[in-house]
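This report describes a protein assembly by its strand pairing, its interface and its ligand surroundings. The sequence and the structure are shown first.

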Amino acid sequence: MTTETARTEPAQVQELDRVTIRFAGDSGDGMQLTGNQFTRTAAVFGNDISTLPDFPAEIRAPAGSLPGVSGFQLSFSSGDIHTPGDQPDVLVAMNPAALKTNLGDLPPGGALIVNSDAFSQQNLNKAAYASNPLTDGSLKQYNVFEIPISTLNARALEDLEMTSKQVDLTKNFFALGIMFWLYERSMEPTLRWIDGKFGARPVIAEANRRALKAGYAFGETTEIFHTTYRVAAAHLSPGTYRNITGNEATALGFVTAARLAGRDLFYGSYPITPASDILHQLSGYKNFGVKTFQAEDEISAIGAAIGASYGGAMGLTASSGPGIALKTEALGLAVMVELPLVVVDVQRAGPSTGMPTKTEQADLLQVMFGRNSDSPVPIVAPATPAECFDYAVEAWRIALKYVTPVVYLSDAFLATGAEPWRVPDVADLPAIAVENYTDAATFHPYDRDPETLARPWAVPGTPGLEHRIGGLEKQDITGNVSYDPDNHHRMQALRAQKVAGIANDIPPLQALGPERGDLLVLGWGSTYGAIRSAVERLQAEGWSVAHAHLRHLNPFPLNTGEILARYRQVLIPEVNLGQLLMLIRARYLIDAKGLNRVRGKPFRISEIHESAVEILSSKRGTGR
Amino acid sequence: MTDEQAAENGLKSPPAGAGNGAGGPAATESTGAAGTPLPTVPLSRKDFVSDQEVRWCPGCGDYSILAQTQKTMPDFGYPREKIVFISGIGCSGRLPYYMNTYGFHTIHGRAPTLATGLKGARPDLMVWVITGDGDALSIGGNHVLHSMRRNVDIKLVMFNNRIYGLTKGQASPTSEIGKKTKSTPQGTIDTPISPLSVALAAEATFVARSVDTHTEHLQQTFNRAGRHHGSAFLEVLQNCNIFNDGAFRDFTDREVREDRMLMLEHGKPMIFGKDRDRGIRLNGLHPEVVQLGNGVTEEQLLVHDEEAEDPYLAFMLSRMWYPEFPVPVGVLRRVQRATHHELLEGQIADAVSKNGEGDLQKLLVSGETWVVD
Ligand code: SF4
């Protein structure tokens, strides 16, 4: 079929609440860009959105191979949505490898748009297909649209002075054009983006414009699609919105925290997936007084951050699991010298190098306990990409008020996933009060504020406060080196009490759903969306279920035990083998159940739903 | 103050004072002609002595290093509260406790990283790093390299006793090959490295050596390191009389030092010996020791140039060791390069002049936005 074939009546329009699309192709096919463009367009239109980029490993695998497949799933809706969708309604597969690795997720009856040009024998071999799925009948249960995207696109670009390779690189925009037509989306935002991006290279800009428009026109003029779909704007609360990823929100939150505290932000960092974007982002904010330091290693990154905090700035460092392991000793030093510091852990699948581009929530116990001796640090964990902003500010509020290092746990799913974010008015955000001690007459380095137990933060440059700190145990109050047994016991207790006391200063845990009931699904971090959706579904089905989500993991909110006690059973879904589960069972002595999947991917709503139904249906309760 | 010192002083950028975002309170100080802050009351050695009891082994070379450090501090014109000593782990690591300045006894090998962050956040401070051969060249080797190549404006003093003292006598990266220690009963099989060669390879802008017992020379060298604008690497040969006694005695003892050590002086021919009758001459690519007289004249000798752009001469000196050569002490290299904090602040100033002072609200709403009523 070609663009010249049939001219038909305008297609019918069908209203949908929610659509989930997955773009999949080779890493070189620009799938992330394509997904991002669709997301932006849907967001600007006013849909609620949620995205899940699925990157292959960092080193590019051979073109057309199975490990080289890159995917981007996005869900957009006229209602409130919390996840990028369990299964796509539409799968766009740019080559056989993309089809093979993604088809399993497409439900029967789902729409499958394939670039038939890419199904050459060579590509079929690379994807280890014994026969061509387009012709062997194996795709019967799907709604297949075979489109020779490469050929059609090349034809649209025929008279441009470009190599065939350059032409081929634009075929993703042809596919995007088709999707824009299918879902009644305007091409304007992407056309504007092309102008901005390729303005200096008019031929490339023209090629991308034409590819996009040709795809759109193809949808409009051929009869292969009988229907277009309309997803109305969502009813979000009033305000100015933008689309934001977790890493972007994290970086903006830190810049904001620095403003609210009136201090310079000093960011020490060593490149690591998936935290590097925070460094890239912050290094662009130098006109906000942000100092970024790309260190020689992870240890230097945290060392420099501690040094900066010692000097009165806001020392910040970020990494992922393997890097956090390297920072461990220095984090222990920060606990000992009690200086404000924020350590970001954008978790990824491990252990060791693991699967760097894939998500996991398995560093909770590492940051909680992974230091020598008892070494308490407060831990916060945002639940959604947009929340990353709020908890970046919250981490600093705690660090500065309690003069303590704080760990901020994000993960690859939050970091790269996007959702609409209602931009706050800076004037409405509360200032963060920060004090440096200056009174030489009353100064003792380890004297404590009676309420917060924070020690005075006395910075070099303050006359009369010259003193020495370090990793050796301190004498209570004076801060002199001490090996006194009773003093050590007292100091260990004080450090623990200081962190535990933060519980009085954080919001209570909230249960969404019945105040008492049969089941509480308790989560933390990026499982929020899937749990929330599953629990909403269960509630609609009439089950007595509530959802509670912890954002403070150390200390827990004061009412945590009380909330847990109100439900007959507790289910804790985590993308690890049961870490929060262990903490909750140990602390509250309840027989909570874990739901644990570590596949480098976020939970599906259905997995949580199923597990909850199983528990709810079984007669044997814990009989609390 | 010598002319040379005055010149070095003039090159030092005026400390930024307390007017930085870190909000350090203003110190009581006036500003000297060269921009160096002067304490309102001149300080003396005793102002830098802390109330802590000094606890090194009796007879340890560290006592002298501490004393010379305290004696030199008043020379720099910084008020006490603007000076920070940061150390790692090892016997040397205790020094900050004995200085009545700000001090931070950190973790093994990492002092340069904290110093880098502190100087980055607070360019107004004078930051010293106190370290040892194990701390700086083993566990912390990476940080030494990178703080030097970045030209972080810190003064790193490495106590070299060629042994691990605090952990009671294991071989260190500067221990001579074959050395028998508790950890190497059959002798170490690891080739030692020259700290000064390492510093030069790392592009340090100031590289010097002195000796714990040569108090006057040590003070002078401290003074010059402190006045250097940029990263300074100072190796101090230090006797650990408990675990490696007499490691340098063969050439540092009073009776032999003139014959076995080479006092480097900028612009002067390399002459040594009690009778100042021997010198260093270049033979092809190699240095050789020559006896003056019999047709060998001073003009044929190498002339020390600590400011040479290329580091070849300094590197050659860093490899010279007793008994083949007299051991060079003094400043091997001293060159000027923009410091890390200057470059960092330059980029911030650039960003501000290009994009204006950051407007947070604007930043938050940047990118594509839409309004929901
Ligand atoms: S062990 Fe050696 S270096 Fe350490 S204090 Fe004793 S003598 Fe000095």
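## Strand pairing in chain B

R278(B) has Q291(B), in strand 12 of chain B, as its bridge partner. The model is predicted: local features need pLDDT of at least 70, side-chain atom pairs count only at pLDDT 80 or more, and totals for chains, interfaces and linings use all residues. Residues are numbered from 1 along each chain as its sequence is written, chains are lettered from A and ligands numbered from 1 in the order in which they are written, and side-chain values use heavy atoms, with hydrogens and water left out.

Strands are DSSP runs of E with at least two residues, helices are runs of H or I with at least four, and both are numbered from the N terminus. Two strands pair if DSSP finds at least two bridges between them.

A strand of chain A also pairs with a strand of chain B. I469(A) has F104(B), in strand 4 of chain B, as its bridge partner. The two strand pairs are listed below.

| Strand pair | Bridges | Direction |
|---|---|---|
| Strand 11 (residues 278–283) of chain B and strand 12 of chain B | 6 bridges | antiparallel |
| Strand 17 (residues 468–470) of chain A and strand 4 of chain B | 3 bridges | parallel |

## Interface between chains B and A

Contact (heavy atoms within 4.5 Å) involves 64 residues of chain B and 75 residues of chain A. The buried area is about 5600 Å², with 62% given by carbon and sulfur atoms; this is the accessible area (1.4 Å probe) that two parts lose on being put together, summed over both. On the side of chain B, the most area is lost by Y102(B), E368(B) and W370(B), together 16% of what that side buries.

Between the chains there are 3 salt bridges, each a side-chain nitrogen of Lys or Arg within 4 Å of a carboxyl oxygen of Asp or Glu. One of them joins R150(B) to E296(A), whose closest N and O atoms are 2.8 Å apart. Elements giving two or more residues to the side of chain B that touches chain A include helix 3 (95–98), strand 4 (102–105) and helix 12 (340–355) of chain B. Helix 12 of chain B gives the most, with 8 residues.

## Ligand surroundings

The residues around the ligand (a heavy atom within 4 Å) include W56(B), C57(B), N161(B), Q238(B) and F243(B).
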